[in-house]
Amino acid sequence: MDDNRRDQLIAMARAASQQAYAPYSKFQVGAALLGKSGSLYAGTNVENASYGLTNCAERTAVFCAVTAGERDFEAMAIASPGGVAPCGACRQVMYEFAPNLVLFLIDANQSDRVTEVSLAALLPDPFTSSDKT
Ligand SMILES: [Zn+2]
């Protein structure tokens with residue numbers, strides 16, 4: 001991925017975090033997903049008074065992309081306070097479509113801190129369709 005594309009992905013994740021609906025946790029997260037087609041998809045966390053219904057930014061981005069017909073992804077940028085890694089549920093959902101996904105974790109509190117990590121490193125033993133037999 002070239003630097004311009006990477007910067008675009010990071011900027012989109014930062015912008016998406018500003019749209020977070022997080023009145024309960026106040027933890028605003030934005031995600032931007034790059035599809036193999038070259039299209040970009042944004043996502044943000046959407047909380048609910050019934051906390052368990054909350055959807056993470058990462059899964060929102062994946063679901064938006066799949067809804068648009070995209071099924072294969074190259075990279076995702078995630079902007080959050082502290083630049084945290086995605087939760088286990090999101091890692092599993094990412095793996096379904098893109099086992100080789102590259103992640104850029106952006107610390108929204110420190111504008112210049114971006115950490116690159118592979119999904120494979122974060123989810124070494126995923127549940128797969130072959131596990132269901
Ligand atoms: Zn999550």
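This report describes a predicted model, taking the sheet, the helices, the zinc site and the salt bridges in turn.

## Basis of the model

Residues are numbered from 1 along each chain as its sequence is written, and side-chain values use heavy atoms, with hydrogens and water left out. Because the model is predicted, local features need pLDDT of at least 70 and side-chain atom pairs count only at pLDDT 80 or more, while totals for chains, interfaces and linings use all residues.

## The sheet

Helices and strands are DSSP runs numbered from the N terminus (helices: H or I, at least four residues; strands: E, at least two). Two strands pair if DSSP finds at least two bridges between them. Strands of a sheet pair through backbone hydrogen bonds, either parallel or antiparallel. Here, five strands form an open sheet in the order S2-S1-S3-S4-S5, and the pairing is mixed. Strand S2 (40-44) and strand S5 (114-118) are the edge strands, each pairing on one side only. On average, neighbouring strands of this sheet are turned by 20° against each other, direction ignored. For such angles, axes are lines fitted to C-alpha atoms, for helices over the stretch in contact, and the angles run from 0 to 180 degrees between N-to-C directions.

Strand S1 (residues 30-35) and strand S3 (residues 73-80) run antiparallel and are joined by six bridges. One of the residue pairs here is leucine 34 with alanine 75, its bridge partner in S3. S3 and S4 are also joined by six bridges, but these two strands run parallel. Serine 80 has aspartate 107 in S4 as its bridge partner. A residue is called buried under 20% relative accessible area, exposed over 50%, and partly exposed in between (1.4 Å probe, protein chains only). Strand S4 (residues 102-107) is mostly covered, with five of its six residues buried.

## Helix H2

Contact, or touching, means heavy atoms within 4.5 Å. The buried residues of helix H2 are Ala57, Glu58, Arg59, Thr60, Ala61, Val62 and Ala65. They pack against S1, S2, S3 and H3. Just after H2, glycine 69 takes a positive phi of about 100°.

Leaving out residues up to four places away in sequence, threonine 60 touches Gly43, Thr44 and Asn55. Valine 62, also in H2, is buried because its relative accessibility is 2%.

## The zinc site and helix H3

Donors are N, O and S atoms within 2.8 Å of the metal (3.2 Å for Na, K and Ca); water is not among the atoms, so sites may look incomplete. The zinc ion has as its protein donors the SG atoms of Cys56, Cys87 and Cys90, at 2.2 to 2.4 Å. Along the chain, the donors follow the spacing C-x30-C-x2-C. Cysteine 87 is partly exposed because its relative accessibility is 33%, whereas cysteine 90 is buried at 1%.

Arginine 91 lies in helix H3 (residues 88-97). Leaving out residues up to four places away in sequence, arginine 91 touches Ala85, Pro86, Leu119, Leu122 and Leu123. Lys and Arg count as positive and Asp and Glu as negative, while His and the chain ends are not counted. Arginine 91 is buried yet has no salt bridge, and the nearest side chain of opposite charge, glutamate 58, is 7.9 Å away.

## Salt bridges

A salt bridge is a side-chain nitrogen of Lys or Arg within 4 Å of a carboxyl oxygen of Asp or Glu. By this rule there are three salt bridges. One of them joins aspartate 7 and arginine 6, at 3.9 Å from N to O. Both are partly exposed: aspartate 7 has a relative accessible area of 42%, and arginine 6 has 25%.

Lysine 36 and aspartate 72 form another, with their closest N and O atoms 3.4 Å apart. This pair links distant parts of the chain, 36 residues apart: lysine 36 is in the loop between S1 and S2, and aspartate 72 in the loop between H2 and S3. In the salt bridge of aspartate 107 with arginine 113, the N to O distance is 3.1 Å. Aspartate 107 is buried, at 4% relative accessible area, whereas arginine 113 is partly exposed, at 36%.
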